[in-house]
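Visitor: I am new to this structure and would be grateful for a guided introduction. May we begin once it is on display?

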Amino acid sequence: MQKAILNNIKGDKLIWAIVALLAIFSFLPVYSAASNLAYVGGSGNTFAFLVKHFMHLFLGFAIMYGVHKLPYRYFRGLSMVMMPLVFVLLIVTILQGTTIEGANASRWIRIPFINMSFQTSTLASVVLMVYIARYLSKIKDKTITFKESILPLWIPLFIILALILPSNFSTTAIIFVMSMMLLFLGGYPLRYLLAMGAAGLVGLTFFILIAKAFPEAMPNRVDTWMSRIENFANGEDTEEDYQIEKAKIAIASGGVVGLGSGKSIQKNFLPQSSSDFIFAIIIEEYGLIGGLFLMVMYLWLLFRIVIVSQKADTIFGKLVVLGVGLPIIFQAMINMAVAVELFPVTGQTLPLISSGGTSIWMTCMAIGIILSVSAKREEIKEKQSQDEGDNPLEILSETI
């Protein structure tokens, strides 16, 4: 049975191994950090959080397996179909959003019947990257004019950013930066990118001014962003720096080898210890060695993503791998940088490690797309080897 399963798994085996190692490792810090949530919530049942995390990963791997079995050329058309759906979901999310402690938290949509929440911005990010890769492959080797790209490229991009921005500035910024990077790698004219980057900054400025003028429209969101940036910039310890201070204490307590699995102390005081600040808990329990292990794993994943992109057989394949793969590494680096106070607090999770279903599912979907591209490359190589095996005279003639 194991052999049958391995035979059905296609694509880059090292990427499968890296993802599996990260997923297995995630159980230890999530189970440890969840103890705080369990007792604060009143149930005291930490095992329930472990089962929930297992179910999220199980469904994530099912998504990854299913996506990687699809020929990646299908994603070109699927991105066109999914874009209108993403627009609708983002609008519904804003209308259905909730308020937490007076702050706008319109990031999740409640899925009917199963009573689960889903963060639509993460789905929008993956779909948008595939859509941009499709557009770039379509205009490859053509003379690009800014006017021609406004409707098919910039309007959908800015609609998505505008729908996400009111509730999630950090995700909006990451999507914008990753989109610009993919466009640059795809050969889109640099002068147009600089112009649209400036336009994005102007748009953000107007949004902040409008939000300041009408604070009842988006309670506390802009103030939250500004305070986080100001607290990061001034370097002084304030009440708003509580999370960062606890994270720094956890990191300092870990030392080289850490306190040991499950022995974190700061997990009892650090909010979001199983998601946004799980890296600090990992270093506290597993020390510098554990932190370096994670960094090596993500850098190894980045290396394999670049390899798969370089070996892809089409322009779309090359670009879609970078489009959905680079944001995973970028998000991981941001999460780690926040924990060590090299970056303002963003609320970004650590991919495949932090608890939370949507982040795991969308990361697995992105990796499934990457594996689909690498699987096609393997299929081409197998076909070539079979053709060469069936034609020994052709091999001889090529040698001569």
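Visitor: Which residue forms a salt bridge with Arg304?

Guide: Please note that this is a predicted model. A salt bridge requires a side-chain nitrogen of Lys or Arg within 4 Å of a carboxyl oxygen of Asp or Glu. For Arg304, the closest N and O atoms of the pair are 2.6 Å apart, and the partner is Asp12.

Visitor: How many residues apart in sequence are the parts that Arg304 and Asp12 tie together?

Guide: Arg304 belongs to helix 11, which spans residues 278-311. Asp12 is found in the loop between helix 1 (2-8) and helix 2 (13-41). The pair therefore ties together parts whose separation in sequence is 292 residues.

Visitor: What separates Glu245 and Lys248 in helix 10?

Guide: Glu245 and Lys248 form a salt bridge, with their closest N and O atoms 3.6 Å apart. Glu245 is partly exposed at 21% relative accessible area, and Lys248 is partly exposed at 31%. Both lie in helix 10 (residues 242-254), and because they are 3 residues apart, their separation is about one helical turn.

Visitor: Which residues do salt bridges that share partners join into one network?

Guide: Lys248 also meets the side chain of Glu341 in a salt bridge, at 2.8 Å from N to O. Glu341 lies in the loop between helix 12 (315-339) and helix 13 (357-390), so its pairing with Lys248 in helix 10 ties together parts 93 residues apart in sequence. Through shared partners, the network consists of Glu245, Lys248 and Glu341.

Visitor: How many nonpolar residues does the contact of helix 7 with helix 8 have?

Guide: Helix 7 contributes Phe169, Phe176, Met180, Leu183 and Phe184 to the contact, while helix 8 contributes Leu190, Leu193, Met196, Gly197 and Leu204. By class, the contact has no charged residues and 1 polar residue, and its nonpolar residues number 9.

Notes:
Residues numbered from 1 in each chain as written. Predicted model: local features only at pLDDT ≥ 70, side-chain atom pairs only at ≥ 80, totals over all residues. Heavy atoms only, no water. Contact = heavy atoms within 4.5 Å. Helix = DSSP H or I, 4+ residues; strand = E, 2+ residues; numbered from the N terminus. Nonpolar A, V, L, I, M, F, W, Y, C, P; charged D, E, K, R; others polar. Buried < 20%, exposed > 50% of the residue type's maximum accessible area, 1.4 Å probe, protein only.
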